[in-house]
Amino acid sequence: MRKVCEILGVVPITLRRWEKAGKIKAIRTPSGQRRYARSEVLRLLGENQPEGVRAVIYARVSSAKQAGEGNLERQKQRLERYAQEKGYEIKAVIAEQGSGLNEKRKGLDRIFKMAREGKIDLVVIEFKDRLARFGYNYIEKYLNAFGVRIEIVNGAEPKSLQEELVADMLAILAKLYGHRSKEFRKKVREAIKDIEAAEKAE
């Protein structure tokens with residue numbers, strides 16, 4: 001089953017759902033394992049499968065300044081264009097401003113709800129950190145459990161977005177130590193040094 005999922009670009013629960021709906025036929029071995037005929041897989045590949053993929057587009061920026069400069073709108077447009085070129089059925093376009101460290105974002109909650117209700121097959125994002133600055137793997141596993149996979153349009157985050165990481169780190173430090181404390185200023189200096197050292201090491 002795993003190999004078939006890789007070829008078709010889906011997760012196991014989606015393959016089982018297709019089998020139940022009669023979209024693909026499976027052969028059961030005496031031990032109860034599923035086997036799929038090569039002809040069945042080729043048939044699905046020949047049906048231009050992406051047209052049946054229900055996708056939600058998710059775009060995010062951290063600050064109001066970025067949103068005001070049009071970064072959020074341009075990100076959303078790039079993702080929409082990408083999904084249209086792929087032939088995906090766009091079920092929703094979610095664009096929001098908020099820290100990647102905030103797990104209580106309304107847009108993210110909406111994605112989870114759509115996944116639980118079986119309304120989407122795919123979440124399209126530009127970079128991993130658009131979903132979460134930390135804990136991306138947990139979000140991916142949660143979505144996979146409902147047959148939803150994540151498609152990342154670009155690979156590594158460009159250095160121009162590293163300023164967002166600084167802002168997110170400062171927000172955490174401010175909550176821990178308070179904006180005006182000496183400890184906060186000390187931690188800010190340490191954080192900036194760590195980031196600069198990491199950039200030089202690249």
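Predicted model: local features only at pLDDT ≥ 70, side-chain atom pairs only at ≥ 80, totals over all residues.
Arg130 forms a salt bridge with Asp129, and the closest N and O atoms of the two residues are 2.4 Å apart. Asp129 is buried as well, because its relative accessible area is 6%.

In general, side chains of opposite charge can pair when their charged atoms come close. A search of the whole structure finds 11 salt bridges. In one of them, the side chains of Arg54 and Asp121 meet with an N to O distance of 2.9 Å. This pair links distant parts of the chain, since Arg54 lies in strand β3 (residues 54-61), whereas Asp121 is in the loop between α6 (106-116) and β5 (122-125), 67 residues apart. Asp121 is buried, with a relative accessible area of 12%. Both residues also belong to a network of salt bridges that links Arg17, Arg54 and Asp121.

Glu73 counts as partly exposed because its relative accessibility is 37%, a value that lies between the limits of 20% and 50%.

Nonpolar residues were examined next. In soluble globular proteins, nonpolar side chains tend to be buried together. The largest nonpolar core of the model has 19 residues, of which Ile111, Val123, Leu131 and Leu143 touch the most other members. Two or more residues of this core are given by each of the elements β3, β4 (89-97), α6, β5 and α7 (136-144). The largest share, five residues, comes from α6. When neighbours within four places in sequence are left aside, Ile111 is in contact with Val56, Tyr58, Ile94, Ile120, Val123, Leu131 and Leu143. A second, separate core consists of 12 residues, including Ala59, Leu72, Leu79 and Tyr82.

Aromatic rings were also compared in pairs. A pair of aromatic rings is described by the distance of the centres and the angle of the planes. Two aromatic pairs are found in a search of the whole structure. The ring centres of Phe112 and Tyr142 are 5.0 Å apart and their planes stand at 65°, so this pair is edge-to-face, a class that requires planes over 60 degrees apart. Phe112 in helix α6 and Tyr142 in helix α7 are 30 residues apart, and their pair thus joins distant parts of the chain. Phe112 is buried, because its relative accessible area is 16%. Tyr142, by contrast, is partly exposed, with a relative accessible area of 30%. Ring pairs link Phe112, Tyr142 and Phe146 into a cluster.

Ile7, Leu42 and Leu45 form a nonpolar patch on the surface, and together they have about 250 Å² of accessible area. One of these residues, Leu45, is found in helix α3 (residues 38-45). Leu45 counts as partly exposed because its relative accessibility is 42%.

Conventions: Residues numbered from 1 in each chain as written. Heavy atoms only, no water. Patch = residues over 30% accessible without salt bridge, like charges linked within 9 Å, V, L, I, M, F, W, Y side chains within 5 Å. Areas by Shrake-Rupley, 256 points an atom, 1.4 Å probe, with all protein chains shown as cover. Salt bridge = Lys/Arg side-chain N within 4 Å of Asp/Glu carboxyl O. Helix = DSSP H or I, 4+ residues; strand = E, 2+ residues; numbered from the N terminus. Buried < 20%, exposed > 50% of the residue type's maximum accessible area, 1.4 Å probe, protein only. Core = buried A, V, L, I, M, F, W, Y, C linked by side-chain atoms within 4.5 Å. Contact = heavy atoms within 4.5 Å. Phe/Tyr/Trp six-rings, centres within 6.5 Å; stacked < 30°, edge-to-face > 60°.
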